[in-house]
Amino acid sequence: MIRFEHVTKVYESTGNGPDITALHDVNLHIRKGEFVFVLGHSGAGKSTFLKLILREEVATEGRVLVNKNDLSTIRQRDIPYLRRGLGVVFQDYAVWPHMTVRHNGGYPLRIARRDAAEAAALVQKSIDDVNLTGMEDRLPSQLSGGQQQRVALARALVAQPSLRLLDEPLNNLDANLREEMRFEIKALQKNLGVTILYVT
């Protein structure tokens with residue numbers, strides 16, 4: 001699913017300061033169905049790591065392959081994540097306040113112009129998978145923080161991408177809810193057999 005081969009990323013100085021090496025000679029192979037955590041303190045290079053996978057940055061040296069595509073040789077930055085087989089969940093949920101759970105969850109399928117009946121079934125399945133059944137018509141203002149995070153997870157699952165990237169998705173939750181959501185994410189990964197890269 002993901003392969004880093006001797007990847008180094010250096011940010012060149014724009015002033016008189018030194019260049020910054022965010023990643024140095026990173027080698028990694030994430031296989032289909034694995035749940036991999038990337039742990040590190042602030043400034044350790046976690047965001048750069050994700051940006052290389054999302055093609056928002058390009059490696060200074062080495063190769064980054066996602067779904068067998070070498071991101072150094074193809075231009076993917078302007079292609080939506082969904083079309084690259086990626087589902088992404090960010091720290092801030094990024095749910096639209098004027099859309100219901102159903103409409104938030106189904107947004108990627110509307111963008112992809114999927115058949116309405118097929119889309120409705122996929123949306124309901126993703127909502128069921130994250131335990132939001134019965135809340136389809138609620139707005140984010142009617143949901144708890146944990147429920148909003150589940151909406152973001154449902155949206156990342158709905159198009160059945162081959163790879164899910166979770167970027168510190170639980171940081172905005174209180175300690176008890178973080179613990180609960182950790183177990184739910186792991187159970188979801190086990191039940192669906194999806195590949196997850198979790199950065200924290």
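## A loop residue to start with

Asn67 is partly exposed, with a relative accessible area of 24% (buried means under 20% relative accessible area, exposed over 50%, and partly exposed in between, using a 1.4 Å probe and protein chains only). Asn67 sits in the loop between β4 and β5, where helices (H or I, at least four residues) and strands (E, at least two) are DSSP runs numbered from the N terminus. Its phi is positive, about 50 degrees, although Asn67 is not a glycine. For context, most residues other than glycine have a negative phi.

Arg55 also has a positive phi, near 65 degrees, and is likewise a residue other than glycine. Arg55 belongs to the loop between α1 and β4, and at 12% relative accessibility it counts as buried.

## What you are looking at

This is a predicted model, in which local features need pLDDT of at least 70 and side-chain atom pairs count only at pLDDT 80 or more, while totals for chains, interfaces and linings use all residues. Residues are numbered from 1 along each chain as its sequence is written, and side-chain values use heavy atoms, with hydrogens and water left out.

## The sheet and its helix

Let's turn to the strands. An open sheet is formed by 4 strands in the order β2-β1-β4-β5, and the pairing is antiparallel (two strands pair if DSSP finds at least two bridges between them). At the edges are β2 (20–30) and β5 (69–70), each pairing on one side only. Strand β4 (residues 61–66) pairs with β5 in the antiparallel sense over 2 bridges, and Leu65 stands opposite Asp70 in β5.

Helix α1 (residues 46–53) lies across β1 (2–11), β2 and β4, and runs at about 120 degrees to β1. Here axes are lines fitted to C-alpha atoms, for helices over the stretch in contact, and angles run from 0 to 180 degrees between N-to-C directions.

Val7 is in strand β1 and counts as buried at 0% relative accessibility. Leaving out residues up to four places away in sequence, Val7 touches Leu23, His24, Asp25, Val26, Leu52, Ala59, Glu61, Gly62, Arg63 and Val64 (contact means heavy atoms within 4.5 Å). The C-alpha atoms of Val7 and His24 are separated by 6.4 Å, with the two residues 17 residues apart along the chain. His6 is found in strand β1 too; the C-alpha atoms of His6 and Val26, 20 residues apart along the chain, are separated by 5.1 Å. Among the residues that His6 touches are Asn27 and Glu61.

Gln149 belongs to helix α4 (residues 145–157). Is Gln149 buried or exposed? At 1% relative accessibility, Gln149 counts as buried. Its contacts, leaving aside neighbours within four places in sequence, are Val89, Phe90, Gln91, Tyr93, Pro169, Leu170 and Met181.

## The second largest pocket

The second largest pocket has a volume of about 200 Å³. On a 1 Å grid over the protein atoms alone, a pocket is an open set of points where a 1.4 Å probe fits, with protein on both sides within 12 Å along at least five of seven lines, and lining residues have an atom within 4 Å of a point. Grid points are joined across faces, edges and corners, and the volume is the space filled by probe spheres set on the points.

The elements that give two or more residues to this lining are α2 (101–111) and α3 (116–129). Residues lining the second largest pocket include Arg102, His103, Leu109, Ala119 and Val123. By class, the lining divides into 5 nonpolar, 3 polar and 3 charged residues (Ala, Val, Leu, Ile, Met, Phe, Trp, Tyr, Cys and Pro count as nonpolar, Asp, Glu, Lys and Arg as charged, and the others, Gly among them, as polar).
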